[in-house]
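The sequence and the model are shown first, and the discussion follows.

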Amino acid sequence: MLGIKGDRRTNMRASVWVVATVSAVATSGAGFAQGAGPFDGKWTTIVSCPQAEGAGSFTLLVDAEVKGGVFSGEKGAKGKPGWYSLTGKVRSDGTIELVARGIVNSSRLAAGNVPVGTEYGYPITGRLDGSKGTGARQGGRPCSVTFAKQ
């Protein structure tokens, strides 16, 4: 049956084990590439923050990618003033939860006019719908976010 010599019960147990293992792997998706999600692809992300707390307004353009429900985008040199990243999750219904992190490159534009080189971070929530989406910073300075699939 499986090329295993022995009695029928041993061969039967081996056959059942193989079928059960293959079925479990196929059902779980382990070892198999998952299909692309509805939001997978490259996205242009625009973060716009108005004047607030004595800081000037600014707009950031961040190229990002969604792959398997994971959102990631980065701008600038990591660890240097002006670096900015967006990371998080996109659910199948389009709900998006991100964390923005960055390093201040202009005290004049930073909330509280903190010094250049100060690290910051904040959450962003929103929703993607087809090839577009919107979001907003949660807490602190009010910032809006728009998403456009490329």
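Is Glu53 buried or exposed? The model is a predicted one, and in it Glu53 has a relative accessibility of 54%. Exposed residues are those over 50% relative accessible area, so Glu53 counts as exposed. Glu53 is situated in the loop that runs between β1 and β2. Its phi is near 50 degrees, which is a positive value in a residue other than glycine. Most residues other than glycine have a negative phi.

Asn113 also calls for comment on its backbone. Its phi is near 50 degrees, again a positive value in a residue that is not glycine. Asn113 belongs to the loop between β5 (95–103) and β6. With a relative accessible area of 38%, Asn113 is partly exposed.

**Overall organisation**

The protein chain contains one helix and eight strands. Followed along the sequence, these elements give the pattern α-β-β-β-β-β-β-β-β. Of the 150 residues in the protein chain, 30% are buried. Where contacts in the protein chain link residues at least 6 apart in sequence, 43% of them join residues at least 24 apart.

**The disulfide**

One disulfide is present in the structure. It joins Cys49 to Cys143, with an S to S distance of 2.0 Å. Cys49 lies in strand β1 (residues 41–49), whereas Cys143 lies in the loop between β7 (132–137) and β8 (144–149), so the pair ties together parts that are 94 residues apart in sequence. The torsion about the S-S bond of Cys49 and Cys143 is about 115 degrees, and the disulfide is therefore right-handed. Both Cys49 and Cys143 are buried.

**Gln138 and its surroundings**

The loop between β7 and β8 also holds Gln138. This residue is partly exposed, at a relative accessible area of 37%. When neighbours within four places in sequence are left aside, Gln138 is in contact with Pro123 and Thr125. Gln138 and Thr125 are separated by 13 residues in sequence, and their C-alpha atoms are 7.1 Å apart in space. The side chains of Gln138 and Thr125 make a polar contact at 3.0 Å. The side chain of Gln138 also reaches the backbone oxygen of Ala136, at 3.0 Å.

Ser72 is placed in strand β3 (residues 70–75). It is partly exposed, with a relative accessible area of 37%. Not counting residues up to four places away in sequence, Ser72 touches Ala64, Glu65, Leu86 and Thr87. Between Ser72 and Gly88 the separation is 16 residues in sequence and 6.7 Å in space, taken from C-alpha to C-alpha.

Thr95 is found in strand β5. Its side chain and that of Asp93 are joined by a polar contact of 2.9 Å. Apart from neighbours within four places in sequence, the residues in contact with Thr95 are Lys89, Val90, Gly126 and Arg127.

| Side chain | Partner | Distance |
|---|---|---|
| Gln138 | side chain of Thr125 | 3.0 Å |
| Thr95 | side chain of Asp93 | 2.9 Å |

**The largest pocket**

Which residues lie nearest the centre of the largest pocket? They are Phe58, Val104, Leu109, Ala110 and Tyr120, from a lining of 20 residues. The elements that each give two or more residues to this lining are β2 (58–67) and β6 (119–129). The volume of the largest pocket is about 390 Å³. Sorted by class, its lining has twelve nonpolar, five polar and three charged residues.

**Summary of the main points**

Positive phi values are found at Glu53 and at Asn113. The former residue, Glu53, is exposed, while Asn113 is partly exposed.

Definitions and conventions: Residues numbered from 1 in each chain as written. Predicted model: local features only at pLDDT ≥ 70, side-chain atom pairs only at ≥ 80, totals over all residues. Heavy atoms only, no water. Disulfide = S-S within 2.5 Å. Helix = DSSP H or I, 4+ residues; strand = E, 2+ residues; numbered from the N terminus. Buried < 20%, exposed > 50% of the residue type's maximum accessible area, 1.4 Å probe, protein only. Contact = heavy atoms within 4.5 Å. Polar contact = N/O pair within 3.5 Å; in protein donor to acceptor, adjacent residues only side chain to side chain. 1 Å grid on protein atoms, 1.4 Å probe; cavity = no way out; pocket = protein on both sides within 12 Å on 5 of 7 lines; lining within 4 Å. Points joined across faces, edges and corners; volume = space filled by probe spheres on them. Nonpolar A, V, L, I, M, F, W, Y, C, P; charged D, E, K, R; others polar.
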